[in-house]
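Visitor: Good morning. Could we go through this structure together, beginning with the way its helices pack?

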Amino acid sequence: MAHARISASLPPDIDPTKAPVAFGERALPKLNEQLQSPELLTRQRALMALCDLVHDPENVYQAIDLGFLDNLKALLLDHDSTVRQKSTEVLYIMAMHNVGRHGFIQNGVISALAQLLDDPVDICRKNIHQTFEMMAKLPEGAVGILQAGLIPSLVFKLKTELDEIQELILDTLANCLCVEAFEALASGAITILKQKLTHSSAAIRSKAAWVLLGISIHPEGKNMVCEEDVIPVLVSLLEDAEPEVQASATGALMFATVTPQGKYLALGAEAIPLLLKLVAGETSKARLSAIKTLTMLAELPEGRKTLLDHVDTFQQCLNDPSEAVKNAANIAIRVIKWKPF
């Protein structure tokens with residue numbers, strides 16, 4: 001299904017080619033002054049020039065040192081949609097650089113951006129979510145998003161946002177929830193993510209499963225994944241037409257089946273035949289996770305009995321070019337063949 005993409009085009013009365021770009025050592029100080037101008041056109045053109053300059057990390061460093069971030073935070077609430085659009089774009093470009101992300105943490109930019117979660121302009125919201133996604137890649141950035149109390153809002157936005165923005169939210173949550181999942185669980189994240197597992201978009205299905213993987217790292221997350229009956233849906237995704245979806249679902253199952261309840265639910269959903277198919281697949285991206293998940297299931301007598309007929313599938317993996325796959329296959333064979341004294 002084709003989806004409309006969010007446009008970053010400027011209004012017809014705004015010509016970026018006429019933006020007065022300053023050069024030399026006074027370029028950034030001059031632009032910083034122009035950002036505070038009462039003249040709308042001056043602010044717009046200064047932001048357009050700044051969008052070009054902050055692609056250079058040295059300029060990002062200087063801009064933070066000159067106090068640009070305070071002015072940009074103020075412009076996020078500007079009445080003009082073009083000013084908000086270009087302000088969020090500048091911040092997103094700055095977030096691409098490590099110096100920018102660290103500057104954001106030190107200057108409270110995350111909380112300032114959160115004020116635009118309900119902005120009526122799609123591209124403004126897309127820019128802030130792109131920024132959050134970049135910030136969450138940094139451990140300190142993920143912690144910053146958690147400390148800003150944004151997780152409940154991000155979870156809620158999965159119900160209402162455009163698909164393109166939902167993908168960004170899921171990427172952000174995947175990095176943040178590996179650190180702490182309590183707020184997400186309390187906000188009903190499991191129910192919403194379960195719904196996203198059957199979304200028409202393969203990207204959203206895959207990313208939702210990846211977020212569930214992060215949640216399932218935590219004991220309380222594993223328990224809720226079992227209680228909310230998510231495991232049968234993850235098992236169904238092992239047959240998804242998209243390899244990325246299969247890989248994400250297998251990874252989530254790998255963590256969910258650490259608990260006895262998770263193991264029994266996976267067995268009940270007939271996960272073993274589907275996982276064996278992924279292990280045997282010539283180009284399976286999910287092979288390693290599938291082997292590890294099957295090893296978990298082999299810890300149950302019922303699982304071990306079934307897998308004893310498929311030891312040859314694991315033995316073939318001993319020739320895999322990946323050392324991780326070979327090691328996992330060795331462990332799986334030992335667990336499957338284990339006999340109590």
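Visitor: Which residues in α13 meet residues in α14?
Guide: From α13, the residues are Ala189, Ile190, Leu193 and Lys196. In α14 they meet Ile204, Arg205, Ala208, Val211, Leu212 and Ile215. Please note that the model is a predicted one.

Visitor: Is the crossing of α13 and α14 left-handed or right-handed?
Guide: The crossing of these two helices, α13 and α14, is left-handed.

Visitor: Now α17. How do the axes of α14 and α17 cross?
Guide: They cross at roughly 15° and come within 8 Å. Because angles under 35 degrees count as roughly parallel, α14 is described as roughly parallel to α17. The crossing in which α14 passes α17 is left-handed.

Visitor: Which residues make that contact?
Guide: On the α14 side they are Ala202, Arg205, Ser206, Ala209, Trp210, Leu212 and Leu213. On the α17 side they are Glu244, Val245, Ser248, Ala249, Gly251, Ala252 and Phe255. The residues of the contact of α14 with α17 divide into 9 nonpolar, 3 polar and 2 charged.

Visitor: Let us turn to Asp240. Where is it found?
Guide: Asp240 is in the loop between α16 (231-236) and α17 (243-256).

Visitor: Is Asp240 buried or exposed?
Guide: Asp240 has a relative accessible area of 12%. Buried means under 20%, so Asp240 is classed as buried.

Visitor: What does its side chain reach?
Guide: The side chain of Asp240 reaches the backbone nitrogen of Glu242 at 2.8 Å. If neighbours within four places in sequence are left aside, Asp240 is in contact with Arg205, Val245 and Gln246. Among these, Arg205 also takes part in the contact of α14 with α13, and Val245 belongs to the α17 side of the contact with α14.

Visitor: What separates the C-alpha atoms of Asp52 and Val90?
Guide: They are separated by 8.6 Å, although Asp52 and Val90 are 38 residues apart along the chain.

Definitions and conventions
Residues numbered from 1 in each chain as written. Predicted model: local features only at pLDDT ≥ 70, side-chain atom pairs only at ≥ 80, totals over all residues. Heavy atoms only, no water. Left-handed = near helix turned anticlockwise from the far one by under 90°. Helix = DSSP H or I, 4+ residues; strand = E, 2+ residues; numbered from the N terminus. Contact = heavy atoms within 4.5 Å. Buried < 20%, exposed > 50% of the residue type's maximum accessible area, 1.4 Å probe, protein only. Polar contact = N/O pair within 3.5 Å; in protein donor to acceptor, adjacent residues only side chain to side chain. Axes fitted to C-alpha atoms, helices over the stretch in contact; angles between N-to-C directions. Parallel < 35°, antiparallel > 145°, perpendicular 65-115°, else oblique. Nonpolar A, V, L, I, M, F, W, Y, C, P; charged D, E, K, R; others polar.
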